[in-house]
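I opened this notebook to record what I looked up in the model, entry by entry.

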Amino acid sequence: MRATRRFWASSATILALAGLALLYTAPTLLAGVVLLSAWLLTEQFRFARRAAHTIDTTTITQTLPQQRVAVESSTTVTLTVQRESTALDMEIIPQVPTGARGTPQPLTLDPTDHDAETTDDLSWPIAGAFTLPKPTITLRDRFGLFEETLTLGTTPDLVVEPHAPRNLHVGAGGDEIAATYGSHSAQRGGSGLDPAELRKYVPGDPSNQIDWKATARLNETYVREFEAQTDRETMLVVDHRDSLADGDEGQTKFAYLREVLLAMTDVAEGLDDPLGITAIDDDGITAQIDPSQTRNQYESVRTRLHELTPTGSQSHGDQRQQTATQATRANTVGTVLQGDTTEYGTTLQPYYASRKTHVERVTDEPLFHAVNQLSDSEPTRLLVVATDDTHRRELQEAVKLAVQRGNQVVAFLTPNALFERYALADMEATYEAYVSFEEFRRTLDRLPRTRVFEVGPGDRIDAALRAGRTRRGGEVAHES
């Protein structure tokens with residue numbers, strides 16, 4: 001409870017009258033002082049009692065028309081008030097969460113009002129998970145002597161989804177997988193990740209299931225069906241270290257991987273498969289939801305995927321990106337220098353050769369630690385690993401450990417080559433780095449019970465491969 005200026009003005013008046021009563025020995029003034037003081041104390045007591053009753057009997061509800069909206073869109077927020085009779089005025093000011101934009105209008109209730117409702121618009125320029133704050137309530141007595149300010153009401157959650165990254169490519173060696181990985185059926189061949197059967201095309205088959213290589217080879221249109229694996233605990237292992245922040249806003253490595261993981265979540269929900277998620281950053285595990293088939297499980301996983309962002313400051317990210325770029329280029333340059341007999345090549349070869357002999361310790365690294373924990377607890381799990389190729393040694397050892405313990409692994413990797421700053425400026429360098437990535441991807445893909453896919457912008461993959469074909473064509477022409 002807070003006293004207003006009117007209260008302090010009334011108190012000053014009472015003190016002045018008391019001074020005059022003492023100065024002039026006026027009993028009438030002294031009686032007035034006593035009566036005014038008693039009145040102030042009575043009003044204070046009444047306000048405190050009425051405010052407590054009002055707070056206990058008032059219900060304020062904030063509702064949203066949906067739980068998810070796209071970034072840069074707007075939505076309405078409806079505020080509803082219900083209360084019992086009271087002798088107090090009530091002003092309700094809706095609050096805007098940090099990251100949203102809007103100017104909600106205050107809602108005022110007179111002492112005789114029992115209910116009220118207002119609707120305001122909020123816009124969401126930033127993607128993420130948001131919680132609407134409780135509205136601020138101010139109670140006032142009829143004389144304006146006292147006020148009470150507090151927060152009260154429901155706090156609904158809202159997920160603002162980022163724009164989907166452009167030209168999403170999921171495949172291997174530059175070829176998109178023929179299947180739409182986000183949809184398949186448990187009862188029949190669908191479009192999951194494991195090929196099951198090659199058959200002739202019949203009218204009504206989805207065009208994205210056409211196996212173009214088989215079609216060209218056999219001179220007839222063929223489609224490839226994919227087995228749907230059901231009743232398998234699936235654990236999403238999500239790397240959101242700062243290396244996953246590479247790329248333009250809304251087009252980062254993590255944005256591409258998130259789209260794939262959201263599709264995998266849809267698959268698990270459609271098949272009613274147990275699904276969980278473990279997220280890691282540079283310091284270790286940041287979030288974990290054990291696999292479950294409960295009603296809200298899949299929505300919880302989606303929400304967590306939208307909440308995750310790559311960690312680390314921008315400066316740290318720049319430093320890490322420079323280190324990763326240097327490592328990728330070192331591998332590429334080391335390959336190019338093999339057989340180079342020029343003075344330049346013979347001078348640099350020993351330095352790059354020494355870099356290749358270095359073996360990192362991975363047992364304490366966050367991704368390896370998470371996979372070690374997950375694969376040890378449930379040997380029949382399918383581990384879906386989403387990361388990039390920055391930490392190659394760690395990833396390779398983690399996948400080896402998982403399959404050694406009987407798990408299946410599906411890995412989605414974003415190539416550093418497609419997101420480095422020189423990716424568009426120097427396509428030949430991008431191609432060389434992509435070749436290094438593809439060799440690494442194939443090495444992982446040859447492990448038992450392991451499938452490894454590349455994820456990224458398809459136009460950049462196509463551009464890098466065109467640069468490689470152009471380069472090879474030039475070399476052949478030069479040799480002839």
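How many helices and strands are there in the protein? I found eleven helices and 21 strands, taken as DSSP runs (H or I of at least four residues for helices, E of at least two for strands) and numbered from the N terminus.

Entry 1, basis. I worked from a predicted model, in which local features need pLDDT of at least 70 and side-chain atom pairs count only at pLDDT 80 or more, while totals for chains, interfaces and linings use all residues. Residues are numbered from 1 along each chain as its sequence is written, and side-chain values use heavy atoms, with hydrogens and water left out.

Of the 480 residues in the protein, 44% are buried (under 20% relative accessible area; exposed is over 50%, partly exposed in between; 1.4 Å probe, protein chains only).

I looked up the nonpolar cores, defined as sets of buried Ala, Val, Leu, Ile, Met, Phe, Trp, Tyr and Cys residues joined through side-chain atoms within 4.5 Å. The largest has 61 residues, of which Leu236, Val238 and Phe412 touch the most other members. Helix 4 (residues 253-271) gives the most to this core, with eight residues. A second, separate core of 21 residues includes Phe7, Leu40, Ile92 and Ala116.

Arg258 is buried but has no salt bridge (a side-chain nitrogen of Lys or Arg within 4 Å of a carboxyl oxygen of Asp or Glu). The nearest side chain of opposite charge, Glu259, is 5.6 Å away; Lys and Arg count as positive and Asp and Glu as negative, with His and the chain ends not counted. Leaving aside neighbours within four places in sequence, I list Pro162, Leu305, His306 and Leu308 as contacts of Arg258 (heavy atoms within 4.5 Å).

Arg68 and Glu299 meet in one of 2.7 Å, N to O. Arg68 lies in strand 3 (residues 68-70) and Glu299 in helix 5 (residues 297-307), so the pair ties together parts 231 residues apart in sequence. Arg68 is buried at 18% relative accessible area, whereas Glu299 is partly exposed at 28%.
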